[in-house]
Amino acid sequence: MGKALIIAEKPSVASDIAKALGGFTKHADFFESDNYIVSSAVGHLLEICPPEGSEVKRGKWSFANLPFIPPRFDLRPIEKNEARLKVLAKLIKRKDVDRLINACDAGREGELIFRYIAQYTTSRHPIQRLWLQSMTPAAIRDGFSNLRTGQDMQPLADAAVCRSEADWLVGINGTRAMTAFNSKSGGFYLTTVGRVQTPTLTVVVEREEKIKRFVARDYWELHATFAVEKGEYVGRWFDESFTREKDKDKARDGETSDLRAERIWDRAKAESIRLKCLGQPGIVTEESKPSSQISPALFDLTTLQREANSKFGFSAKNTLGIAQALYERHKALTYPRTDSRALPEDYIGTVRQTLEAFAATAYAPQASKILSEGWVRPNKRVFNNAKVSDHFAIIPTPQTPKALSEPEQKIYDLVTRRFLSVFFPAAEFLVTTRITRVSNEPFKSEGKVMVNPGWLAIYGKEAQQDGDAPTLAPVQPGEQADTRSIDMQAQQTKPPARFSEATLLSAMENAGKTVEDEELREAMAEKGLGTPATRAAIIEGLILEEYLLRQGRELIPTPKAFSLITLLRGLKVQELCSAELTGEWEHQLRQIQRGQLKREEFMEKIAEMTRYIVFKAKKYESDTIPGDFATLTAPCPKCGGVVKENYKKFACTSSPCDFSLWKVVSGRAFEATEADELISKRVVGPLQGFRSKMGRPFAGMIRLNPEHKPEFDFGQDQAGADGSVQEVDFSGKESLGACPKCAGRVFEHGMNYICEKAVGPAKTCDFRTALIILQQPIDAAQMRKLLAEGKTDLLTAFISKKNNRPFKAFLKITPEKKVGFEFPPREARAGKKTAAKSREPVPKIDFTGMTPIGKCLACGGSVFETPEAFLCEKTQADVKPCKLKIGKTILQQPVDQTQAVKLLTDGRTDLLDKFVSGKTGKAFKAFLVIEGKSKVGFEFPDREE
């Protein structure tokens, strides 16, 4: 009998398998024992492509060659990973190899990576599948005793190939068709679309449109203070006849209605009730009921990403990366790319083993309580085979981790506390509802007292306080309440919130619906956009393609996004706009995975969808695209004709007039009202939202020049025909106060507030400050306050240039008589203590028994691979340690062992293409090089002409 070749997805997993099975000798690119050879890919090694000669080389971006649906797909190596593919091909063709074991990640993409390798190498060896939920040595050994057959995995392989080919067909044809359309009038305007990414973008654009259309409504609430013998309490007026049924038609698409029982929409009515009840006695009735709250279900990947985004601000991509490291490197979590929130019914013993492993950790008290009380028992909410798909919920493993980074510790703690909480009993409360009726008008007061914290004990004092509502002052039977005061509070309705990654993940999971109900969410999860494993990459792709901006925790669609969705709506390509329809495609992929749908049926639907997209794009020109476009009130500045909006421009409709304004300038789209103002007044602004070529936001005014072309005006001094600086006439303008430098008058002028002596040819002062500072508008009232008192009110909408996050600050006049920031004191977090820095020395790494990957160029020592980096052994020296360290991830670019060896031997890696600039957030290509023997730096390729 020959040997089995085990192919893992990553080198680290191959190493773990060799250690778990034992008896292996390490070679350069593989491990070998008497029965096995273990090697690995480095993610995807191959990509699909049309057969040679089937695709035109020139004119592929024109409609003449669309749609392009190849008769079949071939495979081609991904250039940067070609060396690894050659290693595996050589091992597959060894004479002593007689079977293959797929040990890639247990999911659709892992199956695709392996199947493409087997297909490309024309392997005829029988296939077995190692299906791992956990990376502990025991789990690996158990997986080898329960290998699945290749035939068992064929439906999963079919679904994986369908996903790959469907994304290629829709992405290539859709992108080329939309790019061809947008490039008709000249230039080349790359417009990418995708089977999942574009419906996801539609969800975000639709929310932003609702925000733009939103008109605030005034309403009033009445809050009364009542006094009884034992103290005071507060009650709020409410409409006893109110029901949600009244507003069913308005509360669609998972959004809440503006109507509430406590809202009064007529000020006169609110004032009438207040006057009617003020000073009148109240008749008190109350009812107390016990209430309970069970813990949330275990995490799947999407709910973990949502929680981490809400709690820590982590992006979905970062959370997935951290969870993957906890699974793969630390062996501390089970497989994270899962859509299940339950455990298998035979997992009770493993759960007990995991709880026992917490004996020496901070989780010991809760774990021992669960074990001693016997709370781990059959429970369909936790252990349910019907709710387990290919993988089960994310939980900790019996292997407790050490030396976690701060983000890793946060995610591990999140998962572990959720895991512990599902076994604890429900939290119990006593909820009191009190109605105080004054002149037949009802006021409601609610009190909530925790009786038994149950699972909330896992989260400590802070969670218990959150569970409590104010305790109501007790009343005696038949006691009347004195109405001490009634406060009429004016409020306004608020627009829908912008999507954060947490809420967008939820919307993707539910095919565009933001569904809060857990059971309904589970029922819809089968038809979500993408899978838990791909949603983070979809969001990152939309940001990389400049369809979305990440501002703090908000995701904001760009004008490019609005332009694409306007185009697709005009073309009536619902297949690329509808989240629900694309969710149906994802559901069908899952049906293929379960053997319930044929691969051929699905691909025929995708081909038909592709033909339809191209057909619709060929029918229109940019000025004939249907849409809800405006007609401007201002006449054309050239000929006096009517100016109308179309897909790309505001253009005069009179022939042969050629006046037009592009709708998008420097990454910002003009609203119709702004275009109207620009044409009628020849100036508009200041406007925010423009972006420089480096992606930085800026504000500006736009003027029409004498040729009727728009130009930026940043408030610079106006020059005369001879180039001399012109005087500025402030006659008729109101001064905002005295200049802090020279006591001259300060006026609003262009983009600035400026001293009258800081303009014109005879300047004697230089005081000026912008109308908009870091995207925070500074209105005239705040400027007056700054000049009069030296400080504004607290302003809350500044956006940091450094991290793009909002912050609060006062503006103040500095001792140098300039405008600067003053920050409010930080609010101390409840129950949060500053942890003292550990004084313990960092433990040394022991390289004994490890195989070096090369020699250090700085000191000649051996370089080894560690979980975090490639390190010279002499970095651990106490005296004059070596500084050579090659990170395994540099600016989001993975650096594998092959590239590290190349760097050590040649002084330079291959050209790597997944670096992401920390400054601009844009992707770039570079070689890694050794600078000065121990420092890793960049070398950039020649620019493409």
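**Selected features of the model**

Let me begin with A511, which takes a positive phi of about 50° just after α14. Helices here are DSSP runs of H or I of at least four residues and strands are runs of E of at least two, numbered from the N terminus. Before going further, I must state that this is a predicted model, in which local features need pLDDT of at least 70 and side-chain atom pairs count only at pLDDT 80 or more, while totals for chains, interfaces and linings use all residues. Residues are numbered from 1 along each chain as its sequence is written, and side-chain values use heavy atoms, with hydrogens and water left out.

Helix α14 itself spans residues 501–509 and is mostly covered, with 8 of its 9 residues buried. By buried I mean under 20% relative accessible area, against over 50% for exposed and in between for partly exposed, with a 1.4 Å probe and protein chains only. The buried residues of α14 are E501, A502, L504, L505, S506, A507, M508 and E509.

N102 is located in strand β7, residues 97–103, and it counts as buried because its relative accessibility is 0%. What does N102 contact, leaving aside neighbours within four places in sequence? Its partners are I7, G110, E111, F114, Q128, R129 and L130, where contact means heavy atoms within 4.5 Å.

S295 belongs to the loop between β12 (281–293) and α8 (301–312). With 5% relative accessibility, S295 counts as buried. Apart from neighbours within four places in sequence, S295 is in contact with R381, S421, V422 and W455. S295 and F419 are 124 residues apart in sequence, and their C-alpha atoms are 9.8 Å apart in space.

E441 lies in strand β14, residues 441–452, and is buried at a relative accessible area of 14%. Not counting residues up to four places away in sequence, E441 touches W237, I273, K276, C277 and T436. From E441 to I613 there are 172 residues in sequence and 60 Å in space, C-alpha to C-alpha.

Next, the aromatic residues. The structure holds 30 aromatic pairs. One of them joins Y347 and F392, tilted, at 4.8 Å centre to centre and 50° between the planes. This pair links distant parts of the chain, 45 residues apart: Y347 is in the loop between α9 (316–328) and α10 (348–357), and F392 in the loop between α11 (364–373) and α12 (406–421). Both Y347 and F392 are buried. The rings of Phe, Tyr and Trp (its six-membered ring) pair if their centres lie within 6.5 Å; planes under 30 degrees apart count as stacked, over 60 as edge-to-face and the rest as tilted. Ring pairs also link F798, F807, F821 and F823 into a cluster.

Two charges sit over rings. K560 lies over the face of Y547, 4.7 Å from the ring centre, and the charged end of R668 sits over the ring of F690, 5.6 Å from its centre. The criterion is NZ of Lys or CZ of Arg within 6 Å of the ring centre and within 35 degrees of the ring normal.

That brings me to the end of my remarks; I welcome your questions.
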